[in-house]
Amino acid sequence: MQSSHTFTAESAVFDERNLVSSAGLVPVLELAEQAGLSELIDTHVRLDSTRVASGAVNPVGKLTSIIAGMCTGADVIDDMNLLRAGGMPALFDQVYAPSTLGIFLREFTFGHSLQLGSVLRRHLIALAARTPLLPGIAERAFLDIDSLLRPVYGHQKQGASYGHAKIAGRALLRKGLSPLVTTLSTAQAAPVITEMRLRAGKTGSGRGAASQLRSAITTARACGAHGKIMVRGDSAFGNKAVIGAAVAAGIEFSLVMTRNPRITRAIDGIDEHKWMPVHYPGAVIDPETGELISDAEVAETSYTAFSGRHRVTARLIVRRVKDANYPDALFPVWRYHPFFTNSDLSTVEADITHRKHAIVETVFADLIDGPLAHIPSGRFGANSAWVLCAAITHNLLRAAGTLAGGHHAVARGASLRRHLVNVPARFARPARKPVLRLPAHWPRQAHWTSLWDNTIDYTPPQAA
């Protein structure tokens, strides 16, 4: 494709005051307000200016501005300038300069971030009630807990320290900050974030997981999880604190156990005839023999973890695969992957369900490809607030996707921003009636219109 005109240096002029670069913010922020975002912030976030006079003034307008910027793809504070370009100030009130928003974020302490965490939970509950965000949650819901290490650079990042990371299969130490995240999903729904907490880089992955799980269970039930709830996690979370919290709350757990001599003895005690092949979704079958082109097998045994009053007896399910380091061994050399569960699923179904814990990585990918591409501030409190705004933004975009319909209900965050939010428009007011004139033949017009109709023309249900 080539340009059909001959342009000169004077052909590009930045002077259009009615052009809007992100018209999709109108229905998305309307949805946020219908779920009570401003009211929740006003109720739960209380800041006292300690560094700059008036720095903590109007948390409602400033936090919603940050969330709006993140919806357009902002990953540093300077990106918030997009909200002041063209006709954006005519569409929205309380549009702040990036410097003002940066001063505001630096007023946050860890305690203030806990207040914002309360907004995250309550807003998710309201979004779940307002939109078809979590279909099937009444039957079975999944809580997936995991942590990631976001790298930072420089010497002035509070809380930054060297933690373990795995890149391309290799473990290494990397300087950064470590958010702990708990997501909520169903078999039909993409995951949303129930809890998020920023920690120092060197913090152990499982630290604070039990308390976060207890809070996430309460949120899940408020979202409509009246049936079975299962928490899934890797070996960092297969400890007595997390399992104890799951047992006390009466939910299922499916957690990887760190190998130790007792688990090794339990695995060695499994009869050879109990091992059975597992057919994972998408597995390849040999057209000649009809057998799976995979050597994965599963079996289970009863196992009692911990001791004393923390003792828990449940199923130890083990998946084994042939060790690729010994392809020519006379006898098979196996690698074992055990996890501990109290679910009533069959052995094979329990293994397949447990491995779907990897869905949490899709949330990490969305965050890293969006607001968490950078950890912007030098102050730990400001970064704590930033990651919570990122979590609220993730849930808001996910809810908007369900109203748009089609594949947008499970689309990547980048796709939602590109298809629904960052849509150009010209703002006009014929006869003093606001109109957004969008591009003709926009490829996502039907889905965008569905989002618009489901928010702008939405009528709240009337109380009986």
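Visitor: What is the basis of the numbering and of the values?

Guide: This is a predicted model, in which local features need pLDDT of at least 70 and side-chain atom pairs count only at pLDDT 80 or more, while totals for chains, interfaces and linings use all residues. Residues are numbered from 1 along each chain as its sequence is written, and side-chain values use heavy atoms, with hydrogens and water left out.

Visitor: What makes a space a pocket, and what is the volume of the largest pocket?

Guide: On a 1 Å grid over the protein atoms alone, a pocket is an open set of points with protein on both sides within 12 Å along at least five of seven lines, whereas a cavity is a set of points where a 1.4 Å probe fits but cannot get out. Grid points are joined across faces, edges and corners, and a volume is the space filled by probe spheres set on the points; for the largest pocket that space is about 1,200 Å³.

Visitor: Which residues line the largest pocket, and which lie nearest its centre?

Guide: Lining residues have an atom within 4 Å of a point, and 41 residues line the largest pocket, with Asp146, Ser147, Lys166, Asp234 and Glu361 nearest its centre. Helices (H or I, at least four residues) and strands (E, at least two) are DSSP runs, numbered from the N terminus; among the elements that each supply at least two residues of this lining are strand S2 (140-147), strand S5 (170-185) and helix H10 (347-355), while S4 gives the most, with 6 residues.

Visitor: How does the lining of the largest pocket divide into nonpolar, polar and charged residues?

Guide: Ala, Val, Leu, Ile, Met, Phe, Trp, Tyr, Cys and Pro count as nonpolar, Asp, Glu, Lys and Arg as charged, and the others, Gly among them, as polar. The lining of the largest pocket accordingly has 17 nonpolar, 13 polar and 11 charged residues. The second largest pocket, with a volume of about 430 Å³, is lined by 19 residues, and Leu29, Glu33, Thr64, Phe92 and Asp93 are the closest to its centre. Its lining has 11 nonpolar, 5 polar and 3 charged residues.

Visitor: How many cavities are counted, and what lines the largest cavity?

Guide: The count comes to 1 cavity of 30 Å³ or more, and the space in the largest cavity is about 100 Å³. Residues lining the largest cavity include Asp366, His394, Arg398 and Arg417, and the largest share of that lining, 5 residues, comes from H12. By class, the lining of the largest cavity has 5 nonpolar, 3 polar and 3 charged residues.

Visitor: Why is the pair of Phe253 and Phe340 called tilted?

Guide: Rings of Phe, Tyr and Trp (its six-membered ring) pair if their centres lie within 6.5 Å, and planes under 30 degrees apart count as stacked, over 60 as edge-to-face and the rest as tilted. The ring centres of Phe253 and Phe340 are 5.5 Å apart and their planes are at 40 degrees, so the pair is tilted. Phe253 in strand S8 and Phe340 in strand S12 are 87 residues apart, and the pair links distant parts of the chain. Phe253, Tyr303 and Phe340 form one aromatic cluster.

Visitor: Why is the pair of Trp448 and Trp452 called stacked?

Guide: The rings of Trp448 and Trp452 have centres 5.4 Å apart and planes at 20 degrees, so this pair is stacked. Trp448 and Trp452 are separated by about one helical turn, because they are 4 residues apart in helix H14.

Visitor: What is said of phi in Gln94 and in Ala431?

Guide: Gln94 is not a glycine, although its phi is positive at about 55 degrees; Gln94 lies in the loop between helix H4 (88-91) and helix H5 (98-105), and at 44% relative accessibility it counts as partly exposed. Ala431, also a residue other than glycine, has a positive phi near 55 degrees; Ala431 lies in the loop between strand S13 (425-428) and strand S14 (435-437), and at 71% relative accessibility it counts as exposed.

Definitions and conventions: Buried < 20%, exposed > 50% of the residue type's maximum accessible area, 1.4 Å probe, protein only.
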